[in-house]
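Subject: Structure for your review

Hello,

The structure I promised is below, with the sequence. My notes on what was found in it follow after that.

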Amino acid sequence: MADINSLVDQLSELTVLEAADLAKALEEKWGVSAAAAVAVAGPAAGGAGAPAAEEQTEFDVILTGDGGKKINVIKEVRAITGLGLGEAKALVEGAPKPIKEGVNKAEAEEIKKKIEEAGGTVELK
């Protein structure tokens with residue numbers, strides 16, 4: 001139990017950016033989403049009277065499906081990412097996969113619109 005308490009103490013000392021990096025690393029390592037856990041832990045770490053969370057400025061555009069229009073979606077993915085045909089096809093067939101990461105809100109919305117017009121489904125994180 002001492003190891004768990006030690007780990008909790010170490011995690012409590014992380015900055016918000018370090019905690020976000022840790023969450024992303026765990027998501028990649030274990031293939032799970034820590035979004036709910038981070039949302040619950042975030043306000044507790046800030047303490048009482050903490051200011052409201054800032055609006056998200058960077059988004060990951062995740063392709064969640066091709067909607068039965070794989071060829072159209074592959075064409076859009078190629079246009080957006082600059083990938084070759086084989087790489088774009090692998091990305092679409094391997095959905096859910098990120099198309100672009102760390103983009104601003106306007107670009108993320110534009111990419112989402114293009115993919116949805118091609119018949120695919122997209123999620124912004």
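Among contacts in the protein chain between residues at least 6 apart in sequence, 65% join residues at least 24 apart. Please keep in mind that this is a predicted model.

Overall layout

The protein chain has six helices and three strands. Read along the sequence, these elements follow the pattern α-α-α-β-α-α-β-α-β. Of the 125 residues in the protein chain, 17% are buried.

The core

The largest nonpolar core has 17 residues. Those with the most contacts inside this core are Val61, Leu63, Val73, Val77, Val92, Ile99 and Ile115. At least two residues of the core come from each of these elements: strand S1 (59-65), H4, helix H5 (85-93), strand S2 (97-103) and H6.

Leucine 63 is one of the core residues with the most contacts. Once its neighbours within four places in sequence are left aside, leucine 63 is in contact with Val73, Leu91, Val92, Ala95, Pro96, Lys97, Ile99, Ile115 and Thr121.

Proline 96 lies in the loop between H5 and S2.

Helix packing

Two packed helices are described by the angle between their axes and the distance between the axes.

The crossing of H4 and H6 is right-handed. On the H4 side the contact consists of Asn72, Val73, Glu76, Val77 and Ile80, which meet Ile111, Lys114, Ile115 and Ala118 in H6. By class, the residues of this contact are six nonpolar, one polar and two charged.

From H4, the residues Lys70, Val73, Ile74, Val77 and Arg78 meet Leu85, Ala88, Lys89, Leu91, Val92 and Glu93 in H5. The contact of H4 with H5 divides into seven nonpolar, no polar and four charged residues.

Val73 and Val77 of H4 are listed in the contact with H6 and also in the contact with H5.

With its neighbours within four places in sequence left aside, leucine 85 is in contact with Ile74 and Arg78. The C-alpha atoms of leucine 85 and lysine 75, which are ten residues apart along the chain, are separated by 8.2 Å.

Glutamate 87 is also placed in helix H5. Glutamate 87 counts as partly exposed because its relative accessibility is 46%. Between the C-alpha atoms of glutamate 87 and valine 77, again ten residues apart along the chain, the separation is 9.6 Å.

Regards

Definitions and conventions:
Residues numbered from 1 in each chain as written. Predicted model: local features only at pLDDT ≥ 70, side-chain atom pairs only at ≥ 80, totals over all residues. Heavy atoms only, no water. Left-handed = near helix turned anticlockwise from the far one by under 90°. Helix = DSSP H or I, 4+ residues; strand = E, 2+ residues; numbered from the N terminus. Contact = heavy atoms within 4.5 Å. Nonpolar A, V, L, I, M, F, W, Y, C, P; charged D, E, K, R; others polar. Core = buried A, V, L, I, M, F, W, Y, C linked by side-chain atoms within 4.5 Å. Buried < 20%, exposed > 50% of the residue type's maximum accessible area, 1.4 Å probe, protein only.
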